[in-house]
Number of protein chains: 2
Amino acid sequence: MINLEPIGYLRSEHIEVPKHCSISDLEGELVLAPEYTEGLVNIEPGDKIAVIFNFHKSPPFKSEKLKQRPPHRDSKKGVFSICSPKRPNPLGLSILEVISIEKNVIRVSGIDMLDGTPILDIKPYIAP
Amino acid sequence: MINLEPIGYLRSEHIEVPKHCSISDLEGELVLAPEYTEGLVNIEPGDKIAVIFNFHKSPPFKSEKLKQRPPHRDSKKGVFSICSPKRPNPLGLSILEVISIEKNVIRVSGIDMLDGTPILDIKPYIAP
């Protein structure tokens, strides 16, 4: 068992968000717990960052969700081949663009997560 | 607190791996727990997948690691601007290419994690 504690959360005024960051231009703020502020140095406006977060609204996973029909699709797909928030481990991943940084708050563009989403990690995005 | 359980682990014969998947052409196998096999349908050879894993060899995080000097760099960087395995939450992210799939085992190329690494999630990689 692996125990994680959020490093912060997403603050956003958007009630509805796109299904994926690749089709989002919405802005929001990653608000880190103040004790992590020093870890943000060297992140610059214009950088792309990979953000791992918790799908905190997802119910506990059930094996009947191993195949799911995504919205706007007509057949079920394996859960690991789609981005559904209903996953064995409720982890989300978004590639976001940094707009600005002030102390412990990063303003980002491209959000596809809900206001209040717990943030678990921020990494540099390096294209494959 | 968020509790996660591995969905499987990485099996690999490589003792040393590159520091990042973007510079690796090493192969290995993602061995899922058999109960998750059905979740792999619709993943195909040639697909790129995003794999979230646990840096299981990392010691507990200490605030003195909020800035770290990466190998081959001459100054310290904020932990969220680098890929170090020593992070507040010991999560890793690799973009890998699928070579083949047989039942609960995915053969992949591009590994930068150690043999035995616990796998937490597999998602389709969608370029930003």
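**View 1. Strand 3 and strand 8 of chain A, joined side by side.** In this predicted model, strand 3 (residues 27-32) of chain A and strand 8 of chain A run antiparallel and are joined by five bridges. Within this pairing, Val31(A) stands opposite Val105(A) in strand 8 of chain A. Strand 8, which spans residues 105-109 of chain A, has a covered face made of Ile106(A) and Val108(A), whereas Val105(A), Arg107(A) and Ser109(A) belong to its uncovered face.

**View 2. The closed barrel of chain A.** Six strands of chain A form a closed barrel in the order 2-3-8-7-4-9, with antiparallel pairing. Neighbouring strands of this sheet are turned against each other by 45° on average, direction ignored. In the pairing of strand 4 (residues 48-54) with strand 9 (residues 118-124) of chain A, the two strands run antiparallel and are joined by five bridges, and Ala50(A) stands opposite Lys123(A) in strand 9 of chain A.

**View 3. The relation between chain A and chain B.** The same surface serves both copies, since 100% of the contact residues of chain B recur in chain A.

**View 4. The contact between the two chains.** Chain B gives 44 residues to the contact and chain A gives 45 residues. On the side of chain B that touches chain A, at least two residues each are supplied by strand 1 (2-4), strand 4 (48-54), strand 6 (77-78), strand 7 (91-102) and strand 9 (118-124) of chain B. Strand 9 of chain B provides the largest share of that side, five residues. By residue type, the side of chain B that touches chain A divides into 25 nonpolar, 10 polar and nine charged residues.

**View 5. Strand 1 of chain A paired with strand 1 of chain B.** Strand 1 (residues 2-4) of chain A pairs with strand 1 of chain B in the antiparallel sense, over three bridges. Here Ile2(A) stands opposite Leu4(B) in strand 1 of chain B.

Note on methods. Residues numbered from 1 in each chain as written. Chains lettered and ligands numbered in written order. Predicted model: local features only at pLDDT ≥ 70, side-chain atom pairs only at ≥ 80, totals over all residues. Contact = placed C-beta atoms within 7 Å. Buried ≥ 20, exposed ≤ 12 C-beta atoms within 10 Å, placed from the backbone. Helix = DSSP H or I, 4+ residues; strand = E, 2+ residues; numbered from the N terminus. Pairing = 2+ DSSP bridges. Axes fitted to C-alpha atoms, helices over the stretch in contact; angles between N-to-C directions. Nonpolar A, V, L, I, M, F, W, Y, C, P; charged D, E, K, R; others polar.
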